[in-house]
Amino acid sequence: MIRDRWNFLFGYVKIRVTGNRLETLINNCIHEGIELKNIDRTSNTEMILKIPETSMSKFSAICIQASMDFSIISREGLMKGIRIFRYRIALLVGILVFILAIVAAFSFVWVVDIKGNEIISDEELLAQLKEMGAEPGCWKYGIDTKAIKDKLIIEDKRIAWASLYAQGVRLNLEIVEAVRPPDSMFAGPSNIIASKDCILGRMIVIEGKPVREVGQMIRKNQVLISGVIATDEGVDYVHSSGIVQGRVWYEGSAELPDQNRLSNITGRKAQKRYLKFFDIEMMLNGTPPLFKYYNTIKTSRQLISKNMFLPVEIITEEYEEVDVQFKNADEKEICARLSAAALEKARADIPHNAQITAQDVVFMPSDAGTIKAVAYVETIEDIAMEMPLNIGEQ
C-alpha cells in the first residue's frame, strides 16, 4: 500500500520493449528489485509494461546489457500532472484558489435543520440558537455544540433532550419535547389505572409507585401507578401522577354483498391439526391454507373431560378452497373498496390524539358465504386514568 502511494507520487513509465531475450530481461529486473506492472506480451519479441519512474536508470542499464531496445509510450502519476502546470502558473493558481474556496465554504454553517419539535416552533429554536452564536454564516469549528445543547435543555423547560451536531454545511438540531402530564381531576390520593386493554409501551412516573412494567399485557382498570407507598414508618398515600402510553389494537370489518360475487368450491382442501391445553396450542401436523379464499370447518375431540383438572382437546381445521368471481367490477377494485370500508370502521373508535403505528387488512370468507375484509390498526396512545383512593378501605 505504501509502495503504491510512493510510486503514484513519483509516477510510472509505460514502456515498449523489443528483442529476443524478454524472459532474461524480466528475471534481471526482478533480481535488481525493479517493480514490473501490467506486463503485456504482444509477440515473441515485444512486450509492454510499466515501471516506477525512480527505476528508469536501472532498467535502462539492464536493457543495454541484454541488447534490448525500449521506447517510452507515456508517463503516469502525480509528477506528470505537476509537469503539465510547469508553464501554466495562472491555471495552477486558479485551481488552488478554487480548492481553498471549497474548503473554506465547508468550514461555515449555511443551513440549520431542526427535527423532533411539535409544540416549539422552528422560529423559536432558531432564535435561541442565534443568541448562542449558532446561525447560518457562522464558522462551524467555533461552535461549542455540547455547551449550546446543555444550555437549551436548562433554559427551555419544554425540551427534555437535545442533540446538536455539524454535518457538512448543515447544523442539525434534534430535540425531544417534554411531555406534560394530563391535568388532575382529583385533589386527594389516587391511583393511575388503565383506561383500556393494551400492551404497556411507555411509563414515566412523576409521583407514586409503578406496579407494572413496559411490555406487559394490561387489562382495563388494572392499577399502573399506585398511590400507596410503604415506608419504614408506615404507609404514605400520595396523588399518583405520570405519563402512561400503551399499544392498543382496533378492528373493523366490511363484507361484500352476496349479489356482487359468484363462488364455487374447487375441491382443493388443506388441513391443520393441533393440541389445545387450556389456552396453549401445539401444532401436531398440517399447514395453514395457501388459498386466497376458503371456507373453514372446525371440529374438536376432547381427550380429557373438562370436568377434570386437565382439559385437553385435539382440534382439526379443514379448509376448502373457494373460487370467487366478482360481478360488474374487477377483484382489485372490490378489495380496495372493502379495505377502505374496514379501515374506516376500525379508525372510528381511535382517539384523536392517538398515533397510528401500523395497520393491515386481511380477506377471508364470512359466515354468510361472502368475502369479508378485516382491518387491524395498531396505535400508541395515552391510557392513564385517575382513580381516587378511599383511604378508609386501605
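**The sheet and its helices**

In this predicted model, Arg 16 stands opposite Ile 48 in β3. Residues are numbered from 1 along each chain as its sequence is written, and because the model is predicted, local features need pLDDT of at least 70 and side-chain atom pairs count only at pLDDT 80 or more, while totals for chains, interfaces and linings use all residues. Side-chain values use heavy atoms, with hydrogens and water left out.

Strand β1 (residues 12-18) runs antiparallel to strand β3 (residues 46-52), and seven bridges join them; strands here are DSSP runs of E with at least two residues, helices are runs of H or I with at least four, both numbered from the N terminus, and two strands pair if DSSP finds at least two bridges between them. The open sheet has four strands in the order β2-β3-β1-β4, with antiparallel pairing. Because β2 (37-43) and β4 (69-76) stand at the edges with a single partner strand each, one side of each is left without a neighbour in the sheet.

Helix α2 (residues 22-31) packs on the sheet and touches β1, β2 and β3, where contact means heavy atoms within 4.5 Å.

**A residue in another strand**

Thr 316 lies in strand β19 (residues 312-326), and it counts as buried because its relative accessibility is 13%, buried meaning under 20% relative accessible area, with a 1.4 Å probe and protein chains only. Although Thr 316 and Lys 272 are 44 residues apart in sequence, they are 5.9 Å apart in space, C-alpha to C-alpha.

Notes
Axes are lines fitted to C-alpha atoms, for helices over the stretch in contact, and angles run from 0 to 180 degrees between N-to-C directions. Buried means under 20% relative accessible area, exposed over 50%, partly exposed in between (1.4 Å probe, protein chains only).
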